[in-house]
Each structure stands twice: as structure tokens, then as C-alpha cells.
Amino acid sequence: MRLHFLLLRSLLRNLFRLLSPLPFLLLQASSFAQIQQPVLGIMHDGNAALRPVYGIAASATLGGVAVENVDAFSCAHSQCFVQTLGSLWMYDSSGSRSILDSISGPVPMALTNDGVLLYSSQTGELLRWNPINGWASSTLPTTSDHTILAFKPAGDGIDAAVRRDDGLWMEHLAADASITTFSAIPEDAENPVRAICLLDDGYLIATGHAVSLVRSDGSAQEFAIGGVRSFSAMSDSAVEAESSQGNWIFEQDAGKIRVSLLPGVEPAQTAPAGEVAE
Amino acid sequence: MNRLTLTCLFLLTAAVANAQLALSTVAGTTQTPVTTVYGFGQIALGDVKLVSFRAVNSSSATVTVTKLALSGSGFTFSGNPPIPYIIAPGGHMDFTIRFAGSTVTNYSASLQVNTQIVTLLASVVSAPTVSVASPCTGPDSESTISFGRVQQAASLICTVTVTNAQTQQVTLSPISVTGSAFNTSQASAAFIPPGQSISFPVKFTASSATAFTGTLTAGVRTYTLTGTGFNAPLSSPQFTFDTSTMSSGEQHTLAVKLSSASPVAASGNITLGFKPASASVADDSAVQFVGTSKRVVSFTVAQGSTNVLMNGQNSVVFSTGTTAGVITFTIDAGAYGISGDASASIAVAPAPTLLTAAGASRVATGLKITLSGFDNTYSLGTFSFAFFDRNGSAIGSPIAANLSTNFQSFYQGQTAGSSFLLLANFPVNGDATQVGGVEVTVTNSAGSTRTQRMSFP
């Protein structure tokens, strides 16, 4: 509180002195500032646990274990959706959690502005959740040779990276049962795609020897990071790539992407039977 | 029972018991029975010989040793047990006899243990003296000749000289060397004329990095030979970084090579140390090997290779943290050792505040500015906010704010680096939509940093 008060007093002294002559703008006497340790996001460590990551990407430090036995996760908008041992949990910024549904095994998951989407490529069922309306489902078109690798909400349906018999494609699956294929995802048969992550502007794609950022305008940028097996959203602006050589953070800022190695942890001796460390 | 009866019983017991004492000599774990005569053998003039004896009670009754005596010159007890000495059935009593003769002649003495008597014999002979040339040392007071430390698989030859200071010829026999690491080409016997000497080589070969012992027998004298094999130190390490200039907030790679091939398969650790430039912080834990979040990484190097593998890789990633200072890498090869400088340091210079993200937004009550970054000098405090209208014209003069005290409080006791997230709210009374953008200038002891103009959406 004292920090805030001092900052407030300092700011106000200057604000009133300098801005008060302005005819159209008056800054009120309640200006204040806060200084915090920055949180880059949440990462999935090598022991299947979630940990907060502090600092800046290239010089980050790890916090303690927040959740254990995590199969998959996705964090954004101050929320994390976590699949642990067959259950889906939501964690808010205060650390409190609530169970959302019982699901069997990891399923593709995408975040919306206020909730989460789950999609079953077997049934075509798209589950939407938000704190106001709870669960709602709709059915999207399915075909037997489609396997959704990743998706993101788009209109009343989803944009999805789909593996078909004839390769990898970006498609839009709409609630009216239509499927629109709008681009092919390049793939080398000898070096197949292992993981993909859809971004607002393009996608990240991982092969055995590299990760590529492909933007919507078709431009691409390659990073020599091999062995990536999955992508997860760490925060609004960061994606974690888990690989056999360590975990990496892809941080987006003002159209640029920065890549850094995330701090590693010692392998756990034994997997705890418990489910959540709170 | 009266006193006479008691006395008779005691004498009877003693007489029976004496017949049950068996004498022997003891050398290590070897016992050699002694009957009526025991010879100490030839002893060089000026030398001392110690012989350990053991009296064993082989009867089923207790034996009390009431007499332990020596008669004759040259022989003395060394550390006698207290007499009387009671030996339980199956037990024993040890004692040591020391012989040292002052003249070249034959010696004899009587050893008495209770009623058992043994004649001791010894012969003092004139013996040539043994010396060794550098780099060997000795013989010392324990008759030990040291070959010192020899690199594994290497050999060291020392010259042994035997001098006959007597006035008559000496036959030196035997001449022998034992021990797997030691050998000599010298014949097994030699004649040494009066006043002259002979020399011969003794070779020590260290087949492994361990201690070796052997013996050199030169006539009546026997010497212990010692030598130690050791691994050659690894040659001086060459630390290589992916860049010559480093700044805070970066990740870099370290690779290490040896200046010459490793003579052995070796392993050890490379440690990372950090000394902040600022006295206001003690450390920055983000300065670390990133892959393990630690400041030590194990390494291996194969025999014949110069490549130092760290955690099995040719290079290792480390973070420079967010604090100016000196990062030092030190290689420790443990018992193998390192020749040359085992450390390398890199300096991370103080720099103006680096802003990693900046944002401007509108909130219900006004304007919100978010800045994140780090100040590796820990001196941040002066901020200047320059507001612009929607036409790009400046709104008055920039607003200065001194947040030094706030940042000092924030950094107090901080050991995880200087990164910060500043959230500044500017409540507005009026038409806040007329404020189109803002530029923020932050100043620390190393200079100023200015954001690009951020637009309020």
C-alpha cells in the first residue's frame, strides 16, 4: 500500500502540474501504478506437472509445481484448462479450480475468449464451455478419413488442421455441416509433421528436425528445434513446444516471434499417485 | 583348606601349565614354531632387527607366565608385557625382541619363558651402504626408497648405488627386486672391492593410477620400494561461446574443447558462477544452465578426444539473466586435474532498461499503460510519459514520475533478476478518447530507453 501511495503521489504531482492546462483532458487524482514480477505463462515440465514461469523468456525462472499428472493444458485470458487423468479442470488466476467434465484421454482443446472448446473427431461433437452458459454442444461434420490435429474457434465452427488420406490441410468445419478446405499444409513424406499449433496469424508446425512458423500470408520462418512432440498455449502470447531436447517458448509480440529454451527440471524419481498439488 | 594346600595346588598348576606353552615367531599372519634355538640371521652392522614371539597356551587350563627373561648382549625386549601374565586356555602372550649388534661378530642369548629356554643367535656382518640418485629418494629411516609419482603407463628408472666402505671385498648376494611394478637388469650377486661401489638401475612402471610397492634386497638388507601412478592432467580447456559480446536477457551456448587429446577417459563438472555488478543484489538465479535450471553440468571426455561433452552434448545453453555482472565457468576434472587456466569469464555490461513488451489500453476510468522488461543495473526509477492526441500532436509536456523508491522496494532482496511488470493507470476526467497515443521513456544509470508510440485503441 505504501508503494502505491508513494507512486500515486509522485504521479499526481506531475500530472496535475503538466496536464491541467489542457482544455480537454484532466487526469484525475487517483493515478497509480503497480510493479510486479512478470509471469510469462504456465509450462508443462518434463515430469507432467504445470509450473508458472517468471521473468523474461530468455532468462526465466520456474515456480513450484501447480498441478501434477497433466496430460494436456491450455492457458489464456488468465485461465488454464487442464486435462489430468481423464478429467478437465479449469483454473482461474486466483488458483482456484473447478472440474468441468469427465473426458477420457486427451482430446483436442482450444480456447475461446471466455472458455474452452473440446472436439471429438469420432463423433463430430463440439463442446463449448463458458462460465455463463456452461456446456453447449453442436455437431460438426465428420468424415472417416479426417483426423483433427489442432483447431481454433472460427465463427460458428472451427478452423482445423486436418490429416486426410491426401495430406495435411487447413479446413473450416461449420455448424451447417459444410467443410471448406482452404489450404494445404506442406509436408515432407520423409519428415512428417508431428505437431501443429494454430495461431491467430498462421500456425506453428513441428517436424523431426525443425519448427516452422507459417503465417497467413504464406511467409515462413524455420527454427532448428528438433524432436518437438506437442504445442501448448502458455498464455495469451506464448506457446510451449515440448521436445526431447527440452521445452521451448515461442513468444509473440508485435508480429515478431522470439524463441527461447525454457528452464528444465530434474526428472522425477517416481510419479506421485495424487492428482493435484495445491 | 589351609595355606599349605593352596601353595601346593598353585605349584602343581604352574608345572603342568609350563609344559603347555608353545613358542613361535609371528610375521604378519604367519606363525613359525620355535623350539630350542632361534636364529636372527645376518644383520648388517648398524641395523636393527625386531622379531615378534608368541607364547600360546594350548592347554585347557589357565597358564600364568611368571618369568620372561633375556640374557646375552645385543638382545633386548621391546615393549614387554607385564609379568606375571595370565594366559587363558587357547590364549597367547606376544612379546618382541630387538637385536642390534655394535661389532662384526656372532651373538647369542637365552630367552626364558617360565621354564622354557630358547637360544637366540645373531650374526652382525659388515654390509655395504645403499643410496639412490634423484629423482628417487631414500632410503629413509624405515628403509623405504621412493620413486615418487609417475604418470600412468610411464616409467621411471632410478640408479641404485651400493658402496663397500670396508677394507675387505664384499660379496653382495642376493640382489633382487620384487613387485610387479619394479624390475632390474642387475645380476643376482656382485663382488664389490674395498672402498668401491657398484650401480644398477631399478625401473618403476606405473601401469595404473594407484600406489605400488615392492622390495629391493641387497645382501642382508631389504628395502621397501614405493611409487605412485597418476593420471595425466587434462590439457588446458578452451571455452568457446557463440558470441563474443553478451548482454542481459539472452541465451548463449558454451562449448569446451581440450587443447590436446585427453590421455584418459575423464569426467567431472563445469560450474557456473555469477557475481553481480550491483551491490544491491546478491545473485540472479536466472543465470544458469537452462536445460537443467542448475549451475553445474557434468562432462565427459573420451580418451584420445578433445571434445568435452556436457550432459552428453557438444554444447550447453546458459542464460545471462537480467543482472549486470561477471559470469564465470570453471571446469573441474577431479582427480584428473587440469593443466592451465580452468576458468573463463564473460562480463555482462550494465545497459539501459530493456523493455520486452509495452502496451496501452483504455479502461473504464481512463488509460492504462503496461511495461515489462528488466533493468540490469537495478537503478531504474525515472519515467516520462508523453501523451499525444489523435492527430499526433503532443498533449502538453511529458509527465515525469520518479519511481526510484518503488523500484528499490521491489528489488529489495530480489535474487531472481531484475525483470518487472509495471502497470500504470491514468484515470481521466474528460474525453479520454481524445488521447491517441503515448510514448514512455525510462531511465536508469546506464541510459534511457524509449518505447515506440503506443496507440490507445
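What pLDDT does chain B average, and what share of the residues score at least 70? Chain B averages 90, and 96% of the residues score at least 70.

## Model and confidence

This is a predicted model. For the complex, the predictor gives an ipTM of 0.80 and a pTM of 0.69.

Over residues 1-18, pLDDT stays under 50. For this stretch the model has 11 contacts beyond four places in sequence.

## The two chains in outline

Chain A contains one helix and 25 strands. It has 278 residues, and buried residues make up 37% of them. Take the contacts in chain A between residues at least 6 apart in sequence: 32% of them join residues at least 24 apart.

Chain B contains two helices and 37 strands. Of its 457 residues, 34% count as buried. Among its contacts with a separation of 6 or more, residues 24 or more positions apart account for 67%.

## Positive phi in chain A

Most residues other than glycine have a negative phi. A:Ser78 is not a glycine, yet its phi is positive, about 65°. A:Ser78 sits in the loop between β6 (70-76) and β7 (79-84) of chain A. Is A:Ser78 buried or exposed? It has 11 C-beta neighbours inside 10 Å; a residue with 12 or fewer is exposed, so A:Ser78 counts as exposed.

A:Ala177 also has a positive phi, about 75°, although it is not a glycine. Its place is the loop between β16 (167-173) and β17 (179-185) of chain A. A:Ala177 has 12 other C-beta atoms within 10 Å and is therefore exposed.

## Cis peptide bonds in chain B

Most peptide bonds are trans. Chain B has cis bonds at the following two places. One joins B:Gly138 and B:Pro139, with omega about -5°. B:Pro139 lies in the loop between β12 (129-132) and β13 (144-151) of chain B.

Another cis peptide bond joins B:Ser173 and B:Pro174, with omega about 0°. B:Pro174 lies in the loop between β15 (170-172) and β16 (175-178) of chain B.

## A four-stranded sheet in chain B

Strands β13 and β16 of chain B return here, in an open sheet of four strands. The order is β13-β21-β20-β16, and the pairing is mixed. Why is one side of β13 and of β16 left without a neighbour in the sheet? Both strands stand at the edges, and each has a single partner strand, so one side of each has no neighbour in the sheet. Neighbouring strands of this sheet are turned by 20° against each other on average, direction ignored.

Strand β16 of chain B pairs with β20 (residues 211-218) in the antiparallel sense, over four bridges. Within chain B, B:Ile175 stands opposite B:Ala218 in β20.

Which residues of β26 (residues 307-310) of chain B lie on its covered face, and which on the uncovered one? B:Val308 and B:Met310 form the covered face. B:Asn307 and B:Leu309 form the uncovered face.

Strand β23 (residues 251-258) of chain B runs antiparallel to β26, and two bridges join them. B:Val256 stands opposite B:Val308 in β26. That puts a residue of the covered face, B:Val308, in this pairing.

Strand β25 (residues 296-301) of chain B also runs antiparallel to β26, again with two bridges. B:Thr300 stands opposite B:Leu309 in β26. Strands β25 and β26 of chain B form a hairpin with five residues between them. In the turn, B:Gly304 has a positive phi of about 85°.

## Helix α2 of chain B

Helix α2 of chain B spans residues 404-411. Its buried residues are B:Asn406, B:Phe407 and B:Phe410. They cover an arc of only 95° around the axis, which means they are on the same side of α2 of chain B. An α-helix has 3.6 residues a turn, so residues three or four places apart point the same way.

After α2 of chain B comes B:Gly413, whose phi is positive, near 75°.

How values were computed:
Residues numbered from 1 in each chain as written. Chains lettered and ligands numbered in written order. Predicted model: local features only at pLDDT ≥ 70, side-chain atom pairs only at ≥ 80, totals over all residues. Buried ≥ 20, exposed ≤ 12 C-beta atoms within 10 Å, placed from the backbone. Pairing = 2+ DSSP bridges. Axes fitted to C-alpha atoms, helices over the stretch in contact; angles between N-to-C directions. Contact = placed C-beta atoms within 7 Å. pLDDT = per-residue confidence, 0-100. Arc of directions from axis to C-beta.
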